[in-house]
Amino acid sequence: MEQVQSLELEASSSPSLQDFMKLLKGKTDSQRLAGLLLVTKFCDKNDQHTILNVYHALGSTFLHRLLLTGMGRGGVGGDNSNREAYLRLSVTVLASFARVSQVAATDEMVSKIPLILEVISNESDSSFREECYEFLFLVSAAREDGIITLYDSGGVNVLASQMATLPDGSHVMELAMKLVQLIVSKLPAGKVHVDHPSELSNMVVAIAKQFALLQDALKFDALYLLSNILSSSYSGPVHAVLQSMTCGEWSTCIRVGIMDVLQNRVAPAEKLQALVLAECAMSIAGKEWLIGSTILPFAHNSFPDNRCILLVLESSRVEIAVILNELAYLKYEASKRLPPNAEIFLVKLRNLGVAFSLVEMIIKLISKFGENEESNSTCILTESTLTKIIGGLNETIGAVLEYLHDAKDHGDRKGNDLLASVRIVGSYLAEAPSACEEKIKELLGYMLCVEGEDESSSPFQSISFLLPVLCQITMDKDGCEIFVSAGAFRAVVGCLISLIDSSHSKIDSSTIFLACDTILNLLLKREEVQFSLDNLCYVELLQALSRWTEDTIDTSVIMMASSICSLILDTTCEEALLRHPKFKPDNLIALSQLLKRSLVTCGQELTSDDTNTNTNTEADLYQIVSSGYSSWAERFPHVKLVVEGGANFVRQS
C-alpha cells in the first residue's frame, strides 16, 4: 500500500498531457501505475478524446495484468497488500475506457466481462461496485455479442444474487436494471424466461421494490421493465415461481407502484403500461390482487384498501372510451381518405384487449363476492365501494354498446374489436341481465351476428360469449320475447350444433349446457310467447342431440338432450318429421333410442330410492320428458314401440 501512496504523492501536482503519455508508455510498471493514477485524478471522465489517447498509449497487456493482480491472480509491481488498490484502479480505468463507445466495442473490452462479473461476485461490498456495473452495461450494449458474453458468463446468476443488496434508487441499481433490460430485450425471445425462471423472479422482486419506493424517472424504468418481463408470451415459468413464493411482498410492491402511477398526472403511455402490469399481476396472483394490502414494511403510504380496484377500473374505463373513439375514427372517418394503418390498428386493439381484460376480471371478482357473502372482501368492498364499481362498469359497458351501435350503423360486423366488445358486454350482462335493457333490445340481434377475424376456425364465438345472459333472460316471458324478436333461437341452435360436432378438445362442456338450457327455457314458454319452430332448425337440432348422446353414459347429458327432444316432438308428428327431406329413418332410430334410455334406464335410476346420485335438475328434466311423452306418444308410433316394447325399429321402405 505504501507504494501506491508514494505514487499518489508523486502525482499530486497538476501534470500536462505529455506527462501522462510519457508515464503510460514507460518501461516499468511503477511508471505506468503513476500514469494511471494521474489519469484518474486529473482527466475529465467525459473527455473522450483524452481517454482514447490514454487507451492507445497504455495498451492492453499492462491493464489486464493489473486487473488480474487485483483479483489475486498475477503480479504487477509491489506486494499483495496493494491488491485492493490495484483492483480499484484497474476497474476505474476500465469503466473510463468503456465510456468511449469505440473502445467499449473492442474484443479486449468484451473479454473482460467474465472477469468483472467475478469481481462483483467476490467484492460485493466494494466501493467500486458502481464502476463494475457501469463497465458491464457499456460494454454489453456496445455490440451484439457483448450481451451474449454477459449471459454465457453467468451474468443472470450474478444479477439475481446481487440486486437485492443494491441501495434503493442508487445509480448502481439503475445500471443493474439496464443490464436486465438488455438481457431480456436483446437475447432470443423467451431464452431467459425458460433458462432462468428462478433468477428472473428474484430480479422481479428487487425491481418491484424500486417501483413501489421511488418517485423519480427510475420508477418508470422499473414499470416498463416489469411489464416487459411479466407480459412476455414466454413468462409462464416466471409466473409459476412467483406464485410459489411464500412471501407475496413483490405483489404488494407492484400494487403500490401502480396506484402511484394511476392516481398522478403522468403520460397516457405510462398509465397504459401500469394497466398492462396490473393484468400481469392478476394473472399471477389472482383477481383478489385488486383488493390486497397496500402496507409495506419499508415504505410509508396511506392508501385505503379499496383504492386499487377503483383506480384500475376508472383508468380502464377512460382507456376504453379513448381507444374506441380512435378505432371508430380510423375505421369510419379516416378510411374515407386512406385505408387504416394496420400496425396502428393492431396496437390499439392490443391496448383495448388489456383494458377489457381488467374490466372482465373486476366483473368476475364482484360476482365471486356476491356469491360468497362471508368473504373477507366484506370489509373492503363496502356498499359505497360496490356502488362506485357498478357505476363505473355501467359507464364502461355503455361506451362499448355505443361503439357497437356505430358499427351496426356502418354495416360492420366482422373484426376482433367487435368480437371483444361483445365478449365484455356478455360478461357484464351475465351478472346484471337488466343493465342497459333498451340498448340490449336494440343490439342483441346484431351482436349475435358479430364475427371475429378467424371465424372460419372458431365460429359462433359471439353467441358463446352471450350465452350466459341469454340463458338468464329466457327464464321469464319478457326475456323470451326479446330473445325471439332478435332471431336468437336459430343462432343458439346453430352454435349448439357446432359445439356438439366440434372436434376441439378445448371446448368447455358448460358452454354446451348453457346453450341447451337457453333452448329449453324458450321451448317451455313456447306457447306463452307464441313461438313457432322452424322445421329445418328443429330437424338439425334433433339430429345433433342424438349424435351428442350416442356414446355417453352421463345421465345429465342424456336427460338434457331428451328433454329438448321431447319438447320439440310435442310440436309435430312422426309422419311430418319423416316427410322432411333431411330427416332419415336412421335419425328416428337414434332419437327413439335416446328417449328410451332417458325414460327407461335413466328413469329407473332417477326414481330409485337406493341411489344417492340423483339431482333435482335431472329429476326435473325427467319430468319434462315423461310428461311430454304422455302428450305425443300416440303421434310417434315407432318411437313408442321402441320405448315401451323394446323392439327394434323396422326401417320404412
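These legends walk through several close-up views of a predicted model. Residues are numbered from 1 along each chain as its sequence is written, and side-chain values use heavy atoms, with hydrogens and water left out. Because the model is predicted, local features need pLDDT of at least 70 and side-chain atom pairs count only at pLDDT 80 or more, while totals for chains, interfaces and linings use all residues.

**View 1. Helix α5 is largely enclosed by the rest of the structure.** Helices here are DSSP runs (H or I, at least four residues), numbered from the N terminus. Helix α5 covers residues 61–70, and seven of its ten residues are buried. Buried means under 20% relative accessible area, exposed means over 50%, and partly exposed lies in between (1.4 Å probe, protein chains only). The buried residues to look for are F62, L63, L66, L67, L68, T69 and G70. After α5 comes G72, which has a positive phi near 85°.

**View 2. D412 and K331 form a salt bridge.** A salt bridge is a side-chain nitrogen of Lys or Arg within 4 Å of a carboxyl oxygen of Asp or Glu. In this pair, the closest N and O atoms are 2.7 Å apart. The pair links distant parts of the chain: D412 sits in the loop between α22 (383–409) and α23 (416–431), K331 sits in helix α20 (residues 307–332), and the two are 81 residues apart. Both D412 and K331 are buried.

**View 3. E402 pairs with K439 in a salt bridge.** Here the closest N and O atoms are 3.1 Å apart. E402 belongs to helix α22 and K439 to helix α24 (residues 437–449), so the pair ties together parts that are 37 residues apart in sequence. E402 is partly exposed, with a relative accessible area of 45%, and K439 is also partly exposed, at 32%.

**View 4. Salt bridges that share partners join D107, R143 and D145 into one network.** Within this group, the closest N and O atoms of D145 and R143 are 2.5 Å apart. D145 counts as partly exposed, with 32% relative accessibility, and R143 counts as partly exposed, with 24%. Across the whole structure, a search finds 25 salt bridges.

**View 5. E574 is buried yet has no salt bridge.** This residue is found in helix α31 (residues 574–579). The nearest side chain of opposite charge is R635, 10 Å away. For charges, Lys and Arg count as positive and Asp and Glu as negative; His and the chain ends are not counted. The place of a charge is taken as NZ of Lys, CZ of Arg, CG of Asp or CD of Glu. What E574 does have is a polar contact, side chain to side chain, with H638 (2.5 Å). A polar contact is a pair of N or O atoms within 3.5 Å; within protein, one must be able to donate a hydrogen and the other to accept it, and residues adjacent in sequence count only if both atoms are side-chain atoms.

**View 6. S462 is a buried residue of helix α25 (residues 461–473).** Its relative accessibility is 1%. A polar atom of the S462 side chain lies 3.4 Å from the backbone oxygen of M447. The backbone oxygen of L448 lies 3.3 Å from a polar atom of the S462 side chain.
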